[in-house]
Protein chains: 2
Amino acid sequence: MTASGIERGLSTGLLTVSQIGASNRVGLLHSLVRLGPASRSDLARLAKVPRGSIAPIVTGLIEDGFLVELEPANGPSKMGKPSRPLWFGPRVGHSCSLRVEATGVDCARVDQRGQVHDLRRADFPSDASAAVIESAVLSLAETVAGRSPEPLTGLGLAWPAVWDPVDWTVLSCTPIPALVGSGLARRLGQACGLDLFLEDDARALAIGQRWFGEARDLDNFSAVQISTGIGAGLMVDGKLFSVEGRSPEVGHMVVDLDGAPCRCGRSGCWETLAALGWLRQEARRLGLPQWETALPGDIVAWSSPAADQLLDSYARNIAIGLVNLANTVGLHRFLLHGEVVSGGEPLLRLLRRHIGAQTTWSETKPTVEFSELNQTAALLGAAVIPLVHTIERA
Amino acid sequence: MTASGIERGLSTGLLTVSQIGASNRVGLLHSLVRLGPASRSDLARLAKVPRGSIAPIVTGLIEDGFLVELEPANGPSKMGKPSRPLWFGPRVGHSCSLRVEATGVDCARVDQRGQVHDLRRADFPSDASAAVIESAVLSLAETVAGRSPEPLTGLGLAWPAVWDPVDWTVLSCTPIPALVGSGLARRLGQACGLDLFLEDDARALAIGQRWFGEARDLDNFSAVQISTGIGAGLMVDGKLFSVEGRSPEVGHMVVDLDGAPCRCGRSGCWETLAALGWLRQEARRLGLPQWETALPGDIVAWSSPAADQLLDSYARNIAIGLVNLANTVGLHRFLLHGEVVSGGEPLLRLLRRHIGAQTTWSETKPTVEFSELNQTAALLGAAVIPLVHTIERA
DNA sequence: GGAAATAGTTTGACGTACACCCATACTTAG
DNA sequence: CTAAGTATGGGTGTACGTCAAACTATTTCC
């Protein structure tokens, strides 16, 4: 079955000439996403290569239908021959994109600009059986795919799972234990008749943010998911970081030697101190109402001394993990996703203060933002994967 | 001034044809280091490419003097035309290699096989002035370089410092504060008349281990230095990992929320719990003699209940950081360097037990070894850098 | 002596970036 | 209105890579 080609790496083998063509084509199309409609000269300037090097690549992409020339546009300078902006052509179809989470599934069609169309959702109870989840996902995907007025390049699925790389059986899925052993992905690929690509949800966030989101201009950043668990997709030099095909499990770094036991068997994992579970337990301990379903935003709204205290500790716990991440992998731009975002400006201020206090020593301060797109970024990321695959094969 | 070309990465620019040639040449020579003298066919098999693809590369390298053909050797199979093993030629000279640490400097000549020749050391007091250190380093380097019977490709320097990338002034150097502001590197380059390459000591360990050391066959591993501080060089896909040219500072991840303050301004950094300082303070607390200079090996030798307890805690503290590293960057082979190694088999057993206990959840257990080469690996790593540079330029 | 096996070489095809020159289309100065 | 200036796009030839396949060389085995 197909594997995501979004990263590449070899050490013992030889590099071939064709690989550089594929890499440059993808890079060029990504530059186009970043810049919007842009001329050959624009692209050449961005890549710092002569215009003549861009032209043949563009010609090939136009011939294959990946690009089209738009009407001559008036650039900033009125002098000289007007530039002919390039944009995605008919061959770059839309993608069908799915995001599975604990209590439901989102599905949408995503176009080449990262615009989301026909977004639909199906909810299911958090204790739903595998069969219920599977049928919900399948019918939703078939509906969206069936209604698409555009040709679809493929289907992308983002979920918080670990799966068998060969037959796509779910090996583990902490947020949705019922899915373990499920062959959902296999059936989904067959049902829709489209190429299917799977991706971990945190990694999908990073991909979506880099291609269509708030990290379009960043080669190095980290997309962090903070909700009932903690995960991250690490973008390094424009490539999604992984070692031997496996992604890091950042939620399970120990930040408190004597902390509470974690489901992973260790104690004091970041996840036990900065995810929703900790926040709600602390809320309960402090006697705050509705602690069972409290979100960071609720704590902010509460604004009692006890709640303020809780919020500050929460921010500190998140900050510690982020700074650790900055120190161990060297990324220092963080884009946060998940329920944390509900904390809004007050929580963000606290976070930044704690991060600042913990990085007096280092030369480069980490920066942190709450994602506007939030979970939509995962849909975008899932949509990018078939797109990249199509371009690479061309 | 020259910069280490041992890693490469681009995202917005285009890949060129020559780059793949350079990359393949370096890869081929590194394969030769791994295999020892090997024929074109051997190299082709390793790289999984047709023999015809190797031949022209080898021909070019022979013409440039980087390789020579040895006498026909009897391979495992007696049939067929005997293979002609290849080995490094006269153009691949030896390197002069330096390692600066808190109390002295090592210098040696390193050949193309990673053999160390003419190893010399100059000690200086730990409170030595910059002038004293500089003259010791300069005279040692001049001695070794002057005595070399072989042509030298360049000079490599490994040290625990951060330096200005433009003029090589030392910006910070925790183990040797006197060096801050020093222009030692500048003068060293001028004095010897050789190309000089600088590298962080932990990163040099990783490079040395991969080219000539115990990690010759590993594309993914982590060389960890555990002595008065903690640092690591991370090898990912055969390339030294760095983000935007800066390496991670793994010693400063927080593993204990309520821990002791660290010089970096945070509290409970790994370095405060797993470096020599912690061990000695605890030894003092437990009333062990000679705690000021105690090494892990001394604690092992002591073998009182209190000492055993201390050793176990030490192993646990190291293990926590290693497992964190495994979780955050995904590397799970650790090669340990520094004074830890004196702990020998007993400490290693404890380490492995703690690591095992903390990774019940994950699919792949991290493995940990004490390096036989230990600090010599840094000398080897520093020697590799001029070598790679010479080959890439060819 | 001939067949089989292994190693190394040669050739042509293909793909890629790049340097260079020329045509095109628009603005500006006279 | 004309000529010069300027930026864009296209075309050509060159250099440099791998690859596939056929070819040669050398040894062992029967």
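## A hairpin in chain A

In the hairpin formed by S4(A) and S5(A), where five residues lie between the strands, A:Gly114 takes a positive phi near 85 degrees. Strand S4 (residues 104-110) of chain A runs antiparallel to strand S5 (residues 116-123) of chain A, and six bridges join them; A:Asp106 stands opposite A:Arg121 in S5(A). Strands (E, at least two residues) and helices (H or I, at least four residues) are DSSP runs numbered from the N terminus, and two strands count as paired if DSSP finds at least two bridges between them.

This is a predicted model, in which local features need pLDDT of at least 70 and side-chain atom pairs count only at pLDDT 80 or more, while totals for chains, interfaces and linings use all residues. Residues are numbered from 1 along each chain as its sequence is written, while chains are lettered from A and ligands numbered from 1 in the order in which they are written.

## An open sheet and its helix

Chain A also holds an open sheet of five strands, in the order S12-S11-S10-S13-S14, with mixed pairing. Strand S12 (239-240) and strand S14 (367-370) of chain A each have a single partner strand and stand at the edges, so one side of each is left without a neighbour in the sheet. Helix H6 (residues 201-212) of chain A packs on the sheet and touches S10, strand S11 (230-236), S12 and S13 of chain A; contact here means that C-beta atoms, placed from the backbone, lie within 7 Å. The direction of H6 makes about 40 degrees with that of S11(A), where axes are lines fitted to C-alpha atoms, for helices over the stretch in contact, and angles run from 0 to 180 degrees between N-to-C directions.

Within the sheet, strand S10 (residues 221-226) of chain A runs parallel to strand S13 (residues 333-337) of chain A, and the two are joined by four bridges. A:Val224 stands opposite A:Leu336 in S13(A).

## Two chains in contact

In the contact between the chains, 50 residues of chain A meet 50 residues of chain B. The elements of chain A that give two or more residues to its side of this contact are H1, helix H2 (40-47) and helix H10 (305-329).

Chain A can be laid on chain B with an RMSD of 0.1 Å by a turn of 180 degrees and a shift of 0.1 Å along the axis, the copies being superposed by least squares on the C-alpha atoms of residues with pLDDT of at least 70 in both. That is the relation of a two-fold axis. The same surface serves both copies, since 100% of the contact residues of chain A recur in chain B.

DNA strand D is surrounded by 31 residues, the closest being A:Gly52, A:Gly80, B:Gly21, B:Gly52 and B:Ser53. Here H1(B) gives the most to the surface, with five residues.

Definitions and conventions:
Contact = placed C-beta atoms within 7 Å. Near = placed C-beta within 6 Å.
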